[in-house]
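Have a look at the model first, then read on.

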Amino acid sequence: MSTSIAERLEAFKQRDEERNTFIRDLVEANARLEDELRTTKSDHLDQLSSRRLWQEKAQSAEAKLKETHDVAAINSFVLCLIDGDGYLFDDSLLRQGAVGGSDAAHRLLDNIKRHAQAYDGAMQWKIIVRVYANIEGLLKKYAYIGFGEEEKALRQFVAGFTQSQPLFDFVDAGQGKERADHKVKEQLSLFISNIHCKHILLGVAHDNGYVPSLVPYKNNPTTEPQISLLRPIRIGQEYHPLPFPIIQFDSIFRTEELPSDRPSYANQAKAMSNFKQPVLSPTRQIRRPSKAKDLATQGPLYPCVVYLNRNDDRVDEFLGAPSEQAEVKLDSRIHVKKLCNDYHLLGDCYKPHCPYSHEPMLQGEELVAFAMIARRTACSAGSKCRSNICVLGHLCPNGPNCPRRSTCYFKKLHNVDPRIDHEYVEG
């Protein structure tokens with residue numbers, strides 16, 4: 001009986017031990033679960049805090065984006081970039097000086113507005129126009145066609161264009177073939193990614209040199225629709241594969257290229273040498289060099305003998321044909337800085353601050369070539385001029401068979417007999 005009680009007691013002890021072990025396991029498991037719960041709760045709170053933070057950031061970003069879009073809508077603009085060396089304004093506008101420049105600006109503004117109507121919100125967009133050109137180069141181009149007042153008219157045109165609209169600029173890019181190109185390309189690169197710039201009109205399609213700058217923007221869903229090209233007189237061949245639309249603006253730019261057959265020194269000399277120039281009296285010989293090189297040791301060409309034809313119209317004596325070498329040398333010097341007419345042709349300059357080049361004084365064939373350049377500008381007095389220090393032209397440099405006829409600025413002198421008959425004697 002006692003053994004049985006002892007066994008039963010041992011069994012109770014074993015069960016108690018198992019129960020205690022079980023309880024300890026429960027306590028430990030509960031502790032672990034409480035730790036996990038605390039960690040999970042902390043993570044949950046962190047998630048809630050993070051979600052609230054990102055919600056606030058998202059709301060702030062949306063507000064800023066809306067504000068940006070609102071500002072962009074207010075300050076949106078269309079940009080028009082024009083290479084003024086290739087897109088020449090119509091002669092009828094240019095001749096009017098400042099008035100023509102203002103008229104050209106208003107016509108351009110109206111055409112751009114009509115083009116932009118296809119875009120949403122375009123009525124609120126501003127219009128920015130920038131024309132870049134080599135002004136000195138343009139002056140030479142117009143001088144070649146006998147535009148006697150080209151410098152004054154062109155500079156007044158530029159001023160009128162710029163002053164007529166607050167966001168219009170006609171900029172002198174300086175001398176050099178690529179100066180205007182560089183300006184236009186850099187402006188395009190700057191504004192193509194500008195959020196305010198909704199569309200860009202480019203007046204560059206006359207020059208294939210711009211094509212590499214445009215290629216990166218094709219097949220791009222953002223930039224390709226953003227670009228349009230203005231139609232030039234003659235479009236470059238490399239533009240045809242490009243996807244950008246080409247638009248036409250009427251009554252603003254020249255529709256024909258400037259004549260390329262400008263009177264070269266040799267052609268000008270040939271045109272004038274076709275006329276025999278008789279002497280009125282055998283006792284009075286007309287003094288003129290037979291060839292340009294005869295002037296190699298002579299000084300200024302003026303004062304000169306004033307020659308008249310049989311109708312008492314002033315005519316210019318034949319100076320001769322400078323060599324190609326002299327022509328190239330003179331053009332290179334003029335390219336650096338314009339030369340002073342008074343100093344080189346008259347022998348002295350009395351302007352206190354003359355902006356033109358003096359030294360070294362021209363001699364020989366270069367002097368003759370320079371005199372022929374001066375004669376490409378028509379004298380305002382025309383055939384009635386009697387000044388022996390007038391360096392301007394009194395006959396068309398293209399000769400009597402000028403191909404430009406009514407468009408030539410010497411047209412009033414086309415019917416003047418260029419043959420010398422006698423010298424003008426004052427009094």
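## The sheet and its neighbours

Strand 4 and strand 5 run parallel and are joined by three bridges. Within that pairing, L202 has L229 of strand 5 as its bridge partner. A heads-up: this is a predicted model, where local features need pLDDT of at least 70, side-chain atom pairs count only at pLDDT 80 or more, and totals for chains, interfaces and linings use all residues. Residues are numbered from 1 along each chain as its sequence is written, and side-chain values use heavy atoms, with hydrogens and water left out.

Zooming out, six strands make an open sheet with parallel pairing, in the order 3-2-1-4-5-6. Strand 3 (168-172) and strand 6 (246-247) sit at the edges with a single partner strand each, so one side of each has no neighbour in the sheet. Strands here are DSSP E runs of at least two residues and helices are H or I runs of at least four, numbered from the N terminus; two strands pair if DSSP finds at least two bridges between them.

| Strands joined | Bridges | Opposite residues |
|---|---|---|
| strand 1 (residues 77-83) and strand 2 (residues 126-133) | seven bridges | C80 and V129 |
| strand 5 and strand 6 | two bridges | L230 and I247 |

What covers strand 5? Both its faces are covered: I227 and L229 on one side, and S228 and L230 on the other, are all buried (under 20% relative accessible area, with exposed over 50% and partly exposed in between; 1.4 Å probe, protein chains only). In a regular strand, side chains alternate between the two faces of the sheet.
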